[in-house]
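Open the model in your viewer and keep the selection panel at hand.

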Amino acid sequence: MPAAKRPARTAANASATPSPAAAAAMTSATRRTSPFVPTPVERLALGIFPLLLVFGSLFALLSPDTRALTYDAASQSHRAADGGAAPNYFARKSNIFNVYFVKRGWGWTTAALLGFVLTHPAAGGGGGPAARARAVARWAALTTWWVLVAQWCFGAPLIDRGFLWTGGQCALAERGVAAGTADAAEALTAVACKAVGGQWRGGHDISGHVFLLTLGSALLMHEVLWPLARWSGWLAEERCIVMTDGALKGASVEAGTPPAAGRDAQEVLGYGGKFALGVLGLNLWMLLMTAIYFHTWFEKVCAAASPVNVVFLFAIND
C-alpha cells in the first residue's frame with residue numbers, strides 16, 4: 001500500500017506557524033486576568049495585610065509576654081493586670097515610631113508618594129506627565145477618603161460616628177453635658193473627648209492606626225512598588241486594562257513604554273524609590289506591632305478591609 005504523501009510546507013503554512021516570540025506573546029495575552037480583579041501577584045501582595053493581622057493576633061495569644069495581659073477597652077491596648085510596665089517598647093503608645101511616624105502617617109505617605117512621582121522615571125508606569133498627573137489625582141482622592149474616615153466628615157469623622165452609632169460615648173463628657181458643665185461637641189469625637197479628660201467607651205471603635213497604615217501601604221504598593229517592578233524588569237506580569245474603544249490591552253500599551261525599560265539604569269531605585277520603600281516597610285512593621293498590642297481582632301479586621309477595597313477601586317479605574 002503506497003505511503004500517504006504529506007502536504008508540502010508552503011510559504012502560507014510557514015507563515016501560519018507563530019515564531020517563539022509571538023507564541024510567548026500569545027501565551028502572555030491568554031494569561032491576562034480580568035481588569036476588574038487583582039492579578040496573581042497583586043493578590044499575594046494584598047494578602048500581606050490579613051497575614052500580618054493573623055500573625056499578630058496569634059503571637060499575642062501564644063507569647064508568654066502578652067497572653068497574661070489584660071485588655072483595656074478605654075486605651076485599646078493590653079496592659080499588665082497589676083498596672084506594671086508594658087511588655088515591649090512597641091506596646092507603649094509613647095514609643096517614638098508611634099508618636100512621630102504613625103500619628104503623622106499620611107504626611108509620611110504623601111511625602112514618599114509625591115517624592116517618587118515627581119522624580120522617578122518609572123512613576124505612573126513611565127507614561128509621562130499625564131500618567132504622573134493621574135497618580136497625583138488618585139492620591140488626592142484617597143486623601144479625601146482618609147479625611148472623611150479619620151479626620152472630619154461634616155463634623156465627626158466616620159470612625160467616631162460608627163463608634164457613637166454602636167452605643168459608644170464619651171463617659172465623662174456625657175455627664176458634663178447633662179449637668180450643663182460641658183459642651184455637647186466634646187462628646188462627639190475621640191480627640192475632643194480625650195482633650196477634656198473623658199474616656200471613649202462602649203462602642204465599636206475600629207483601629208484608626210490599622211486603617212491608616214493599610215491605606216498608606218496599599219497606595220505605595222500601587223503607585224511605587226508595581227511601577228518600579230515593571231520598569232526595572234523585576235516583574236513580567238502586567239495588568240489588563242480596558243481601552244477607550246472597549247478593547248482589552250496590557251497596561252504597557254497605555255503607558256507607551258515597554259516592560260523593563262529601565263533594566264540597564266545605573267540606579268534603579270533612586271532617592272525617591274528608596275524613601276518610598278522605606279516608608280512602606282515601616283508602615284508594615286507598625287501594622288504588625290498594632291496587630292500584636294492594640295485593639296481587638298474584629299476592630300482591626302474592619303479597619304483593614306476598607307483601605308484595600310478603596311485602593312483597588314481606584315486602581316481598576318485608572
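**Stop one: T290**

Select T290: at 4% relative accessibility it counts as buried (under 20% relative accessible area; exposed is over 50%, partly exposed in between; 1.4 Å probe, protein chains only). This is a predicted model, where local features need pLDDT of at least 70, side-chain atom pairs count only at pLDDT 80 or more, and totals for chains, interfaces and linings use all residues. Residues are numbered from 1 along each chain as its sequence is written, and side-chain values use heavy atoms, with hydrogens and water left out.

T290 sits in helix α13 (residues 270-293); helices are DSSP runs of H or I, at least four residues, numbered from the N terminus. Now show its contacts (heavy atoms within 4.5 Å). Beyond neighbours within four places in sequence, T290 touches S207, H209, V210, L213 and K300.

**Stop two: α6 and α11**

Select residues 105-119 and 208-232. These are helices α6 and α11, whose axes come within 10 Å and cross at roughly 10°. Axes are lines fitted to C-alpha atoms over the stretch in contact, with angles from 0 to 180 degrees between N-to-C directions. The pair is therefore roughly parallel (angles under 35 degrees). On α6, pick G105, W106, T109, A112, L113 and F116; on α11, the contact uses L212, L215, G216, L219, L220, E223, V224 and L228.

**Stop three: W297**

Select W297, in helix α14. W297 is partly exposed, with a relative accessible area of 43%.

Definitions and conventions
Helices (H or I, at least four residues) and strands (E, at least two) are DSSP runs, numbered from the N terminus. Angles under 35 degrees count as roughly parallel, over 145 as roughly antiparallel, 65 to 115 as roughly perpendicular and the rest as oblique.
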